[in-house]
Amino acid sequence: MKRHLTLLLSLCSSLFIFLLSLFQWDLDDRIGKYVSPYIWLFFVIPFFLLLTLWTLIYLFSSRKWLPLVIQVITVVLWFFIPFEQLNLDINFKLHQQKREEVAANIQSGALKADGVDYPSLIPFSNEPDNSSLIDLPKGYASVSRGRDDVAVETKGKATSVLFFTNLGLFGHFSGFVYDPKNRKPSSGDFGMKFDEIEKIQKNWYYISY
């Protein structure tokens with residue numbers, strides 16, 4: 001019984017670590033990106049370390065390697081699997097339809113910016129023009145991570161929409177840009193500078209700074 005319980009706990013903890021890492025962004029959207037680090041720090045990591053210690057003790061007492069091997073493999077994979085990129089891919093697929101609905105509503109005029117460039121309380125060197133921001137209606141908050149709005153850039157009769165995916169410090173950010181004409185974004189669009197511009201699929205680009 002003890003053997004099976006140790007093995008089961010080891011498998012469950014490893015699976016939990018991977019699932020939590022894969023869906024970290026959606027967890028942040030639900031509980032807040034400033035709360036989830038404390039969940040890792042005070043619950044996930046201590047539990048995993050204690051269980052690893054237990055599997056080590058279990059190895060010396062019963063000569064069974066498998067639970068400890070699972071813990072070690074979990075740590076190795078966690079460092080080598082590109083969870084940030086996986087989170088990006090998962091987030092794009094999960095919210096693509098809603099983002100396109102928002103873009104269509106903006107293009108049709110159902111959603112509009114108020115046109116007023118309010119001064120920022122905390123100005124950074126690289127932030128969107130406030131006059132280009134459009135507040136998201138309820139039910140669409142998850143399409144722009146960490147914010148309740150999107151940025152728009154109008155060129156001719158078509159409007160590009162920037163959905164934020166990550167807001168770093170000192171003006172660093174990343175996001176998805178939808179352009180109905182499939183035009184590649186240019187650094188300076190939305191009043192912001194870009195370091196990276198990568199096409200994901202038709203009408204969709206990933207940008208970061």
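Colleague: How many bridges pair strand β1 with strand β2?
Modeller: This is a predicted model. Strand β1 covers residues 133-135 and strand β2 covers residues 149-155. Ile 134 has Val 150 of β2 as its bridge partner. The two strands pair in the antiparallel sense, and the number of bridges is three.

Colleague: Which residue in the turn between β2 and β3 has a positive phi?
Modeller: Strand β3 spans residues 158-167 and pairs with β2 in the antiparallel sense over five bridges. β2 and β3 form a hairpin, with two residues between them. The phi in question is about 70 degrees, and the residue is Gly 156.

Colleague: Is strand β4 enclosed or open, judging by how many of its residues are buried?
Modeller: Strand β4 runs over residues 173-178. Phe 173, Gly 175 and Val 177 point one way, while Ser 174, Phe 176 and Tyr 178 point the other way. Residues on both faces are buried. Six of the six residues are buried, so β4 is largely enclosed.

Colleague: Turning to the helices, at what angle do the axes of α3 and α4 cross?
Modeller: Helix α3 covers residues 36-62 and helix α4 covers residues 66-80. Their axes come within 8 Å. They cross at roughly 140 degrees.

Colleague: Why is α3 called oblique to α4 rather than roughly antiparallel?
Modeller: Roughly antiparallel requires an angle over 145 degrees. The axes of α3 and α4 cross at roughly 140 degrees. That makes the arrangement oblique.

Colleague: What is the handedness of the crossing where α3 passes α4, and which residue classes make the contact?
Modeller: From α3 the contact includes Trp 40, Phe 48 and Leu 51; from α4 it includes Pro 67, Val 75 and Trp 78. By class, the contact has ten nonpolar, four polar and no charged residues. The crossing is left-handed.

Colleague: Is Ser 14 buried or exposed, and which residues does it contact beyond its neighbours within four places in sequence?
Modeller: Ser 14 lies in helix α1, residues 2-22. Its relative accessible area is 5%, so Ser 14 is buried. Val 72 is 58 residues away along the chain, with a C-alpha separation of 9.8 Å. The contacts of Ser 14 are Ile 70, Gln 71 and Thr 74.

Colleague: How far apart in space are Asp 89 and Leu 22, C-alpha to C-alpha?
Modeller: Asp 89 is found in helix α5, residues 83-108. Asp 89 is partly exposed, with a relative accessible area of 40%. Leu 22 is 67 residues apart from Asp 89 in sequence. In space the two are 10.0 Å apart.

Colleague: For the protein chain, what percentage of residues is buried?
Modeller: The chain has five helices and six strands, in the order α-α-α-α-α-β-β-β-β-β-β. Among contacts between residues at least 6 apart in sequence, 51% join residues at least 24 apart. Of the 209 residues, the buried share is 37%.

Key. Residues are numbered from 1 along each chain as its sequence is written. This is a predicted model: local features need pLDDT of at least 70, side-chain atom pairs count only at pLDDT 80 or more; totals for chains, interfaces and linings use all residues. Side-chain values use heavy atoms; hydrogens and water are left out. Axes are lines fitted to C-alpha atoms, for helices over the stretch in contact, and angles run from 0 to 180 degrees between N-to-C directions. Helices (H or I, at least four residues) and strands (E, at least two) are DSSP runs, numbered from the N terminus. Angles under 35 degrees count as roughly parallel, over 145 as roughly antiparallel, 65 to 115 as roughly perpendicular and the rest as oblique. A crossing is left-handed if the near helix is turned anticlockwise from the far one by less than a right angle, and right-handed if clockwise. Contact means heavy atoms within 4.5 Å. Ala, Val, Leu, Ile, Met, Phe, Trp, Tyr, Cys and Pro count as nonpolar, Asp, Glu, Lys and Arg as charged, and the others, Gly among them, as polar. Two strands pair if DSSP finds at least two bridges between them. Buried means under 20% relative accessible area, exposed over 50%, partly exposed in between (1.4 Å probe, protein chains only).
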